Amino acid sequence: MNAPDADETLMRRALGLARRGLGHVEPNPMVGALVVKGGAVIGEGYHARFGGPHAEVVALDAAAEHARDADMYVTLEPCCHHGKTPPCTEAILSAGIRRVVVAVEDPFKEVAGRGIARLREAGLEVTVGVLEAPARRLNAAFFKRTETGRPLVIAKWAMTVDGCLADAAGHSQWISGEASRRRVHEMRRVCDAVVVGIGTALADSPRLTVRHVDAIPERGQPARVVLDGGLRLPPDREPAASASDVPVLIYTLQSSASTLPERAAALTDAGCEVVPVASGPSGVGLAAVLDDLGARGMSRVLFEGGACVLGSLVSEGLADRVMAFAAPRLLAAGDARSPLEGPAGRALSEALDLQEMTVERVGEDVLIEGRLGPY
């Protein structure tokens, strides 16, 4: 095995460790680290919880005195500043590491190449860019919020094989099977918010909570978000009815907040937070919503519909990932609703390509996932 192959093999192991932090470390990135000597791993670790020790420190502690003259593999540039923990660069230098292999530079302004520079200035050999693309994908939520201020956006829907989201009356429960619903709840548990439009809220009275799996104790339930331009959500209907237990954000138009103060007050009294934002092409401005969610520190949000919200999200170029479940059913109805309702007149040449698409069997359904943009 030549050196580049060995570096990639070891970095792949470090990335596997990093994934264990999903849902536990946000808004921090997931990071894995290895200490390697003579081709053997003598210490490994990952960032396990927000505010906890960083992966490099865990791996160095595991290697103890054997870390001297060893190599370190880390999935993200080591930090060089004092945050909730001391700088990892200093721990690496104190341990006597001779070489550091980094998957990707940290975009955070307090680091952003300074960690690598600090190690090189101290005389260490530093290799950067080993499995950079997988490392960026793993921490896409961290990279996006750091670079744009907005959270990673996942657009999710379930449909029949012939592309129907609901029948003409709006009935959509349940198109997908129990295994798919469980997968959605697994995604909810690692997201900071679950978003629906007012149409879905009125039709389904969704709770939007994590139920089929256990919520992660340290993060609890995701915030529930309803896009309600006209403040039509009754305060005694879900998700507003349980707002005192799990946070509910109602994004509405600035004009509605000022002209319908009684409705806003009723939702506020129920425990909801009513947030006026600028309008967009199809009502509540989705870009403004994402800006606000990012400002609240949210890293990953799941949009669950309906068709108008999902269509606007995609057509406005605001969706980063797609999570589409196809159930083995045919509706064959000309008046059925499609998953994405966008502006009329779009040509096939304007279709968005799904990148890095994967297809997976989930129970009786098929899950199609892919990336729409750089994240």
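Colleague: Which strands does α2 lie across, and how do you know that?

Modeller: In this predicted model, α2 lies across β1, β2 and β3. Contact here means heavy atoms within 4.5 Å. As for direction, α2 runs at about 140° to β2.

Colleague: What makes β2 and β5 edge strands?

Modeller: Look at the strand order first: the open sheet of 5 strands goes β2-β1-β3-β4-β5, with mixed pairing. β2 (40-46) and β5 (125-128) each have a single partner strand, so one side of each has no neighbour in the sheet.

Colleague: How do you know that β3 and β4 pair?

Modeller: Two strands count as paired if there are at least two bridges between them. β3 and β4 have 4 bridges, in the parallel sense. Along that pair, M72 stands opposite V100 in β4.

Colleague: What does V100 touch?

Modeller: Leaving out residues up to four places away in sequence, V100 touches M72, V74, I92, L119, L124, E125, V126 and T127. V100 is also one of the residues that touch the most other members of the largest nonpolar core, which has 44 residues. Among the elements giving two or more residues to this core are β3 (71-74) and β4 (99-102), while α1 gives the most, with 6 residues.

Colleague: Why is helix α12 called largely enclosed?

Modeller: Buried means under 20% relative accessible area. In α12 (residues 307-315), 7 of the 9 residues are buried, so the rest of the structure largely encloses this helix. The buried ones include V309, L310 and L313. Their cover includes β6 (152-160), β8 (223-227) and α11 (286-295).

Note on methods: Residues are numbered from 1 along each chain as its sequence is written. This is a predicted model: local features need pLDDT of at least 70, side-chain atom pairs count only at pLDDT 80 or more; totals for chains, interfaces and linings use all residues. Side-chain values use heavy atoms; hydrogens and water are left out. A nonpolar core is a set of buried Ala, Val, Leu, Ile, Met, Phe, Trp, Tyr and Cys residues joined through side-chain atoms within 4.5 Å. Buried means under 20% relative accessible area, exposed over 50%, partly exposed in between (1.4 Å probe, protein chains only). Axes are lines fitted to C-alpha atoms, for helices over the stretch in contact, and angles run from 0 to 180 degrees between N-to-C directions.
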